[in-house]
Amino acid sequence: MKAKIQNLLAQSIERLVALEELSADAIPKTVPVEASRRSGQGDYATGVAMSMARASGMKPRELADRIQANLPPVDFLERTEIAGPGFINFFLAKQALTGLVGEVLECADKFGRATPGSASRILVEFVSANPNGPLHVGHGRGAAFGDALARLLRAAGHHVDTEYYVNDLGRQMDILCVSVWIRYLQLHDLKVKLPDGAYQGEYIIESARKLEHEESASLVCADTAQIDIQLDEKDATLTELIRRTKKILGEDRFLQLRDDVLADMVEMIRSDLAHFGVQHDRWFFESQVSKLGDVDRAIKALRERGFLYEADGATWFRSSEFGDEKDRVVVRANGDLTYFASDIAYHLDKMRRDYDIVINVWGADHHGYIARMKAAMAASGENPERLEILVVQLATLIRDSVKISMSTRSGEFVSLKELIDETGRDAARFFYILRKSEQHLDFDLELAKRQTGDNPVYYVQYAHARICSVARQVRERGLKRTSADHSLLKQDSELDLLRRLSRFPDVIQSAANDYEPHQIAYYLRDVATDFHSFYNKERILDCEDALRCARLDLIDSVRQVLANGLDIIGVSAPTSM
RNA sequence: GCGCCCGUAGCUCAGCUGGAUAGAGUACCAGACUACGAAUCUGGGAGUCGGGGGUUCGAAUCCCUCCGGGCGCGCCA
């Protein structure tokens, strides 16, 4: 609808230019049209006459008058008016609103979705937590946001794939393996202590049990004196322990350990996500990039382009030339590649697949990496604009007004699974989505669990269930439904509801353009409000036949919009509660 | 110290590329079912949009500055 009105305005302005009332350079790039906030100011409004006034040399109201006079006549508008300092307000014709009912029912689950016209191919990478334990409440936000974003972009007509990047190499992987191995040895009654800095969580013991199941005793080392070490420094202890573990087990058995542990961790994460209703289309492993030699190639290409130099024994990337604060190391003095190096290779891989836009959803604690990653893309000859890095602020949990902090290493965190089990999947997802991503999120457990009106999830779901309940009444009472005359819908509460429904396609477009799933959540609450208000004001089943049929169609279309919207944010639409 | 995010009603937050009288929810107060689900609805009070400058017809929105909170600033992952 917004686009239709923009189109009318553009036509009018062109005509004014043709009539030489306006000069061509006064034409705005885009015509701003917005849904009016207040009734009495029409359904849509534009301030275009005011913004063009300067360039055109006309007074705003005078220009508005000329634009209004040259609007092509259309049947979906009842009238237009000029108001205030120079706004043009558009009033929709009633039949344009009542006609919407038929449209919604016909389109059904397609209503609101864009027809693929300017569709882009988009890759959304999200969560991508390191495979060293269960997902916690912080990851949950990225999961809810990323999944809703992908669904939203699909609804807006784009082709979207989702991906999880698994960092399955490096030191943290080694520490994890050693942690599980020591727990495994303890299961064999060997006296070994798990050192500080190793993963302490209960799930490590679980993983050790599975390792025992997979490998039985083949990884046992009886000489515990070699392993039970404690150096002055935590990191030094771990480094030495890793070195000895690799030596004791030998390359093959260590790889076996690694594969078992990795598979277990990935499976744990995958099942946590599945439990949350999130499935990635693809799981991409760092070891793949490394094995194929992509990292070496990426580094070599940067070197050939002259963006690398040696200093202090390490190899540096000149990211400061591309706006980063300083240069970054890609190869350490000891010859090891940094994580940044393999991340470059991975992102180049994504950029060179068949996508128009590559989106990363990152936690706020990674925002410092945005500049260097974009720099690396630019230096490698890719357009950094195609890499969209969205930052989701951190989430903390509040229970009994107390903040619960999260740390994977210490094992003292609230897992995503616990959260879901406690609040339910729908409430958890809705709460995560309800804040825009740049806003810090304090997740109030008590509120999310409450099954009352102050919990917005239930408010929206209740509207859906209520409509389904009315439909059941129709069947139980054996009421006939015939094709309805929707022009019978003329009460304010009915027209308000229709106005709200008519905005759904615009809301999807807007939310998708801005990468803001929360707009959908807020919109759904508004739909529910309008519905509940209508429901309390008007009777549905006790009307005479024609009106009853019209109203039943109306609430069916409301139900459809609620269901479509809830689907976008990944929340269920219950038929009863 | 530098960078990013945030600061809007008692509390939790919306406010779309600057637009007309700043909006919801919650809490509080007062009402509404012998009638389709009261997990609902109706009404009420409540804000110098963190402070101060600037840009302009017009600023919660853009720019500068200060204050306050979060996060990040490794040859860690």
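Author: Two strands count as paired if DSSP finds at least two bridges between them, and strands themselves are DSSP runs of E with at least two residues, while helices are runs of H or I with at least four residues, numbered from the N terminus. In this predicted model, strand 5 (residues 121-125) and strand 11 pair in the parallel sense over 4 bridges.

Reader: Before going further, which conventions apply to the model?

Author: This is a predicted model in which local features need pLDDT of at least 70 and side-chain atom pairs count only at pLDDT 80 or more, whereas totals for chains, interfaces and linings use all residues. Residues are numbered from 1 along each chain as its sequence is written, chains are lettered from A and ligands numbered from 1 in the order in which they are written, and side-chain values use heavy atoms, with hydrogens and water left out.

Reader: Which residue stands opposite Leu 123 in strand 11, and how many bridges join strand 11 to strand 12?

Author: Val 358 is the residue opposite Leu 123. On strand 12 (residues 387-392), which runs parallel to strand 11, there are 6 bridges to strand 11, and Ile 359 stands opposite Glu 388 there.

Reader: Is strand 11 mostly covered or mostly open?

Author: Burial is read from relative accessible area, with buried meaning under 20%, exposed over 50% and partly exposed in between, using a 1.4 Å probe and protein chains only. Strand 11 (residues 357-363) is mostly covered, since 6 of its 7 residues are buried. Helix 20 is mostly covered as well, with 19 of its 24 residues buried.

Reader: How far does helix 20 reach from its first C-alpha to its last?

Author: The expected span of a helix is 1.5 Å times one less than its number of residues. Helix 20 (residues 545-568) has 24 residues and reaches 35 Å, close to the 34 Å expected, and Gly 570, with a positive phi near 75°, follows the helix.

Reader: Which N or O atoms lie 2.7 Å, 3.0 Å and 2.8 Å from RNA strand B?

Author: An N or O atom in the side chain of Asn 89 is 2.7 Å from a base nitrogen of RNA strand B, and one in the side chain of Gln 439 is 3.0 Å from a phosphate oxygen. For Tyr 535, by contrast, a backbone N or O atom lies 2.8 Å from a base nitrogen.

Technical notes
Polar contact = N/O pair within 3.5 Å; in protein donor to acceptor, adjacent residues only side chain to side chain.
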